[in-house]
Amino acid sequence: MFSLQTLFGNRDKVMGLLHASSDAACEAARALDQMTRSGGNTAASMAILTAARRREKELAAAISEELVNTFVTVLDREDIEAMNAALYRIPKAVEKFAARYVLVSGHLTGIDFSPRTGILLTCTEVVASMVQELDKGLRIHPMRKLQVHLQALEGEADRLLLEPYGSLYLASNDPIRTTLTKDLFEAIEKAIDVCRDVGNVIYSIVLKNS
């Protein structure tokens with residue numbers, strides 16, 4: 001058993017960047033969850049989201065640069081780059097939803113997005129836990145447990161995505177409202193799918209190297 005930190009010449013910096021990247025994803029999801037709940041400060045949440053997105057972009061570039069300058073003894077550079085790229089996509093997907101939500105939420109009174117953004121937040125927290133677990137060593141069972149949790153969250157998100165479609169299409173007489181709501185639901189689903197992708201990358205790294 002060995003720690004991922006032993007695989008890098010400059011171990012503290014690389015792992016610090018990966019942890020910071022997963023933290024930025026959590027921060028973006030948390031701000032979005034607050035935005036969609038009643039009484040949330042939309043402007044403040046959007047500012048946090050934009051900052052998290054910018055931070056994630058800087059971290060992604062720093063990780064790529066560090067991999068160029070660091071000798072990796074066991075894990076493939078491609079694996080770390082894949083995880084880096086997947087983490088980078090989370091705040092991007094979250095900000096994309098938020099930008100749309102700010103523009104159209106006034107037309108969607110009565111539509112509650114918070115159950116879905118709550119799942120997204122939990123997904124990012126599980127991803128962060130997976131990054132932390134990867135740092136502890138390439139242990140299959142703890143990582144598998146986190147992966148199963150992530151898959152269960154994705155399944156719950158799928159159920160929530162399908163749940164309102166009957167009322168939206170059959171009961172609504174406002175096609176614009178229906179279309180806007182559907183687009184936003186699907187945008188959250190895509191963000192959750194990105195979290196799943198990160199989990200798949202991390203789990204595959206563990207399987208390949210354990």
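Biologist: Among the contacts in the chain with a separation of 6 or more, what percentage is accounted for by residues 24 or more positions apart?

Modeller: This is a predicted model, in which local features need pLDDT of at least 70, side-chain atom pairs count only at pLDDT 80 or more, and totals for chains, interfaces and linings use all residues. Residues are numbered from 1 along each chain as its sequence is written, and side-chain values use heavy atoms, with hydrogens and water left out. A contact means heavy atoms within 4.5 Å. For residues 24 or more positions apart, the share of the contacts with a separation of 6 or more is 81%.

Biologist: How many helices and how many strands does the secondary structure of the chain contain?

Modeller: Helices (H or I, at least four residues) and strands (E, at least two) are DSSP runs, numbered from the N terminus. From that terminus the elements run α-α-α-α-α-α-α. The totals are seven helices and zero strands.

Biologist: Is Glu95 buried or exposed?

Modeller: Glu95 lies in helix H3. Leaving aside neighbours within four places in sequence, Glu95 is in contact with Met46, Thr50 and Arg53. Because its relative accessibility is 19%, Glu95 counts as buried.

Biologist: How far does H2 reach from its first C-alpha to its last?

Modeller: The expected span of a helix is 1.5 Å times one less than its number of residues. Helix H2 (residues 42-69) has 28 residues, for which 40 Å is expected. The reach in the model is close to that value, at 41 Å.

Biologist: How are H3 and H7 oriented to each other?

Modeller: Axes are lines fitted to C-alpha atoms, for helices over the stretch in contact, and angles run from 0 to 180 degrees between N-to-C directions. Helix H3 (residues 77-104) and helix H7 (residues 175-209) pack at about 170°, with their axes 9 Å apart. Angles under 35 degrees count as roughly parallel, over 145 as roughly antiparallel, 65 to 115 as roughly perpendicular and the rest as oblique. H3 is therefore, relative to H7, roughly antiparallel.

Biologist: Which hand does the crossing of H5 and H7 have?

Modeller: The axes of helix H5 (residues 140-162) and H7 come within 10 Å and cross at roughly 165°. A crossing is left-handed if the near helix is turned anticlockwise from the far one by less than a right angle, and right-handed if clockwise. The crossing of H5 and H7 is left-handed.

Biologist: How many nonpolar, polar and charged residues does the contact of H4 with H5 have?

Modeller: The axes of helix H4 (residues 114-136) and H5 come within 10 Å and cross at roughly 165°. H4 passes H5 in a left-handed crossing, and the contact includes Ile119 and Val126 of H4 and Leu146 and Leu153 of H5. Ala, Val, Leu, Ile, Met, Phe, Trp, Tyr, Cys and Pro count as nonpolar, Asp, Glu, Lys and Arg as charged, and the others, Gly among them, as polar. By class the contact has 14 nonpolar, four polar and three charged residues.

Conventions
Buried means under 20% relative accessible area, exposed over 50%, partly exposed in between (1.4 Å probe, protein chains only).
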